[in-house]
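I opened the model today to look up a few things. My entries follow the structure.

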Amino acid sequence: MIHILKSLLKTTLVFLLVLTCSVALSAPTQATPNRESRLPGGDAITEGDAILRYALPIDNPTIFKIQGDIESIIAPIRGRRWSAASSSLSEASFLLSTRSEDILASISESRRSEAQGILEQLTSDLNTLRDRVAEQDKTAAFPIQETCLSEVETLENLMVQGFPYEVPSEYSALPQLKGRATVEIETEQGTLTAVIDGYNAPVTAGNFVDLVAKGFYDGLPITRAEESYVLQLGDPPGPEDGFVDPQTGEDRTIPLEIRVQGEVEPIYGFTLEEIGLYREDPVLPFSAYGTLGMARPDNDPNGGSSQFFFFLFEPELTPAGLNLLDGRYAVFGYVVEGKEVLRELKKGDRITSMKVVKGAENLVPGQTS
């Protein structure tokens, strides 16, 4: 059966720290040019929603700084460091009032009227959020913060202008997702919602969304459930390990696909370690609870098919930035709603149904010769 590296997932934190140190000592000292990351420095981001916002194919430092300022208030508010939260929101408000033209310049003229309205609403909501923080009202602050981030995300989506690169022609026979799609996953324990990211993993995401649309996953059980690590599914009944195309009678396999920070397009067919990029950060990392990763045979980077897994990020066991999955397995999306359901699922629980509820138009079928 196709499976992820079980031993990697059970590696202890001590071993991870030792490995990290050894890699750092053996890595080249010369910096690689033109690999600036738009992700903020410091601790790794552990929310799939935030990772997806930063992973959009846009280049606007102003909106990313505003986003970061609004996101950063969570820890200070929880720690009752109200002045720090207030300072971050003041910076965001200042940028909105003085750099709005920088934001609008990244949006096509046909969309600027819509963007202007969103900017005005964001300014109003941000002022309300600042008031709630000044009043030290934690209960009221967090819902308004979510509203502000939703408005930021809408602005960022308005900045996207087409698909940013050409997928290699050798993969033209495979379905591709040229954008994003939202998938609703009904299980015996409740409903999950996942955003599937074709901007950074078009082949992996396209394969998954195509199988969802075909009803492939409906009724399939969870075949592996390792507490604090993974939930894996997608193994069809019968002798096959993956999807067999009924039109050709052949197995469909997809290449390992990982886009790293600073690169325009993904790397195909190799782990980052194999090509000496073990220090590079994937645009879509395994640092959020509910990360969707593509399973594959241990010895075949290009053997993925239908089996995938939910990564159950646990800070104490799989610290962000120190897990051994980044660069070895492809990430193609994140659970954004219903994460509590993942904690209830166990081996044998079945997927009732999966359906694409948004973005189906972004799926491009494979080209037959």
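I am working with a predicted model, where local features need pLDDT of at least 70, side-chain atom pairs count only at pLDDT 80 or more, and totals for chains, interfaces and linings use all residues. Residues are numbered from 1 along each chain as its sequence is written, and side-chain values use heavy atoms, with hydrogens and water left out.

**Confidence.** I checked pLDDT, the predictor's confidence in each residue, from 0 to 100. The chain average is 87, and 86% of the residues score at least 70. Residues 1-39 have pLDDT below 50, yet the model gives this stretch 76 contacts (heavy atoms within 4.5 Å) beyond near neighbours in sequence.

**Annotated stretch.** An unreviewed UniProt entry annotates residues 112-139 as "coiled-coil region"; such annotations may be inferred rather than shown by experiment. I find this stretch 89% helix and 0% strand, with its end C-alpha atoms 34 Å apart. Helices (H or I, at least four residues) and strands (E, at least two) are DSSP runs, numbered from the N terminus.

**Core.** Which residues have the most contacts inside the largest nonpolar core? They are I196, F208, F308, F310 and M354, in a core of 103 residues. A nonpolar core joins buried (under 20% relative accessible area) Ala, Val, Leu, Ile, Met, Phe, Trp, Tyr and Cys residues through side-chain atoms within 4.5 Å. Helix α9 (residues 138-159) supplies the largest share, nine residues. I then followed F308: leaving aside neighbours within four places in sequence, its contacts include F208, Y217, L231, F332 and M354.

**Proline.** P365 sits in the segment after β12 (363-364). P365 and D210 are 155 residues apart in sequence, but 7.9 Å apart in space, C-alpha to C-alpha.

Technical notes:
Buried < 20%, exposed > 50% of the residue type's maximum accessible area, 1.4 Å probe, protein only.
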